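Me: I have a chain open here and would like to go through it piece by piece. Can you help me read it?

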Amino acid sequence: MSILSNRRILLVDDTKANIDILVQTLKQDYKLGVALNGPKAIEYSKSNRLDLILLDILMPDMDGFEVCQRIKENPLTQSVPVIFITAIDDPQHKRKGLEIGAVDYITKPFDISEVRARVKTHLSLRITQEELSNRNLILEEKIRERTRELKETQVEIIKRLSLASKYRDNGTGQNVARISRMAQILGLAAGLNPEEAETLALSSMLHDAGKIGIADAILLKKGRLTADEWRVMKGHTTIGSKLLSGSRSRLIQDAETIALTHHEKWDGSGYNQGLKGEEIPLISRIVGICDVFDALISDRPYKQAWPVHLAFQEIERKSGTDFDPRLVKLFVALEPELIKIIKETAG
Ligand SMILES: [Fe+2]
């Protein structure tokens, strides 16, 4: 059985004799449907999966042009090729038919071998198009799958790298997750689009990556740091940015920015460049608030966790000195969502 034999063709003509000739010509090779007027043709096209329509132009009530337009307006049938049936010397009808979406025309009186050849050509074209679009769908799905895998790998590596630094700093994966989620919602509130906020959720995880390079004697010291030790400690910003420098990925570039500038303060008293106000990148101002807030509400060897309401007060107290006042307002307004995140990342 030929690959074409399962294909269904609708024959539309108000002259029964014409239909009879077409049926005789095509019935050996294809499944056929028949309509003697326009409305019947539309009805048939809605309830049968068609591969081709042979459509007479001059019919009472609804002519072939209107039938063709309706077929092309319906998303379910618009891809079905239409071949017009025209009188032999009728150039205007041929032109108009092709303009409104017909792929070809055949002329009356019928030349049987021409009808067969044109039908076969257009059905073969349709099959090729279907195969191509199926292949494209498969390829697109494969690309989506690969992209998803790459993204998952990227997220996993970032999480593991961030844990490597946080574990050394008495922190936990919960701290990393909490800062990440808080930065994401504060970012959204501050005007980042969802994609940018999602990138921030990941890039923020590496803000303290540079702590990998700080000696335990300093990083884990319980007492106050000496001036020299403090200088070394501040170096986690430059170590982190060097660790992340030179990437072509936007995410890692953002992570580099955050690693370098997350301890800058709004009034210019932070480190390590003494940036002021909006000189500090927005993503770093966002992470700066979330990082300090997270430290306040977490237990450390040298201090107990602060109650959440006092931590909010502390952030507000430092508005305009340590933190961007606009971001502080947004942060405080997010209290219900932030408390939800704190509960979900507790432990
Ligand atoms: Fe830090």
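Me: Start with α2 and α3. Is their crossing left-handed or right-handed?
Reply: The crossing of α2 and α3 is right-handed. Keep in mind that this is a predicted model.

Me: Which residues make that contact?
Reply: On the α2 side they are Gly38, Ala41, Ile42 and Ser45, and on the α3 side Glu66, Val67, Arg70 and Ile71. Sorted by class, the contact of α2 with α3 has 4 nonpolar, 2 polar and 2 charged residues.

Me: What is the angle between those two, and how far apart are the axes?
Reply: Helix α2 covers residues 38-47 and helix α3 covers residues 64-73. They pack at an angle of about 20 degrees, and their axes are 9 Å apart. Angles under 35 degrees count as roughly parallel, so α2 and α3 are roughly parallel to each other.

Me: Why give both an angle and a distance?
Reply: Two packed helices are described by the angle between their axes together with the distance between the axes.

Me: OK, now α6 and α7. At what angle do they cross?
Reply: Roughly 155 degrees, and the axes come within 8 Å. Helix α6 is residues 173-189 and helix α7 is residues 194-203. The cut-off for roughly antiparallel is over 145 degrees, so α6 is roughly antiparallel to α7.

Me: Left-handed or right-handed, that one?
Reply: The crossing of α6 and α7 is right-handed.

Me: And which residues meet there?
Reply: From α6, Ser180, Arg181, Ala183, Gln184, Gly187 and Leu188. From α7, Pro194, Glu196, Ala197, Glu198, Leu200 and Ala201. The residues of this contact of α6 with α7 divide into 6 nonpolar, 3 polar and 3 charged.

Me: One more pair. How do α11 and α12 cross?
Reply: Their axes cross at roughly 55 degrees and come within 9 Å. That angle makes α11 oblique to α12. The crossing of α11 past α12 is right-handed.

Me: What meets what in that pair?
Reply: Asp254, Thr257, Ile258 and Thr261 in α11 meet Ile283, Ser284 and Val287 in α12. By class, the contact of α11 with α12 has 3 nonpolar, 3 polar and 1 charged.

Me: Changing topic: where are the cis peptide bonds you mentioned you'd get to?
Reply: One runs from lysine 108 to proline 109, with omega near -5 degrees. Proline 109 sits in the loop between β5 (104-108) and α5 (112-168). Another cis bond joins tyrosine 271 and asparagine 272, where omega is about 10 degrees. Asparagine 272 is in the loop between α11 (250-261) and α12 (282-296).

Me: And what is the phi of aspartate 61?
Reply: Positive, about 70 degrees, although aspartate 61 is not a glycine. Aspartate 61 lies in the loop between β3 (52-56) and α3.

Me: What are the domains, and how far apart are their centres?
Reply: Domain 1 is 8-138 and domain 2 is 169-344. Taken over C-alpha atoms, 67 Å separate their centres.

Methods
Residues numbered from 1 in each chain as written. Predicted model: local features only at pLDDT ≥ 70, side-chain atom pairs only at ≥ 80, totals over all residues. Domains from an automatic or database assignment. Axes fitted to C-alpha atoms, helices over the stretch in contact; angles between N-to-C directions. Helix = DSSP H or I, 4+ residues; strand = E, 2+ residues; numbered from the N terminus. Parallel < 35°, antiparallel > 145°, perpendicular 65-115°, else oblique. Left-handed = near helix turned anticlockwise from the far one by under 90°. Contact = placed C-beta atoms within 7 Å. Nonpolar A, V, L, I, M, F, W, Y, C, P; charged D, E, K, R; others polar.
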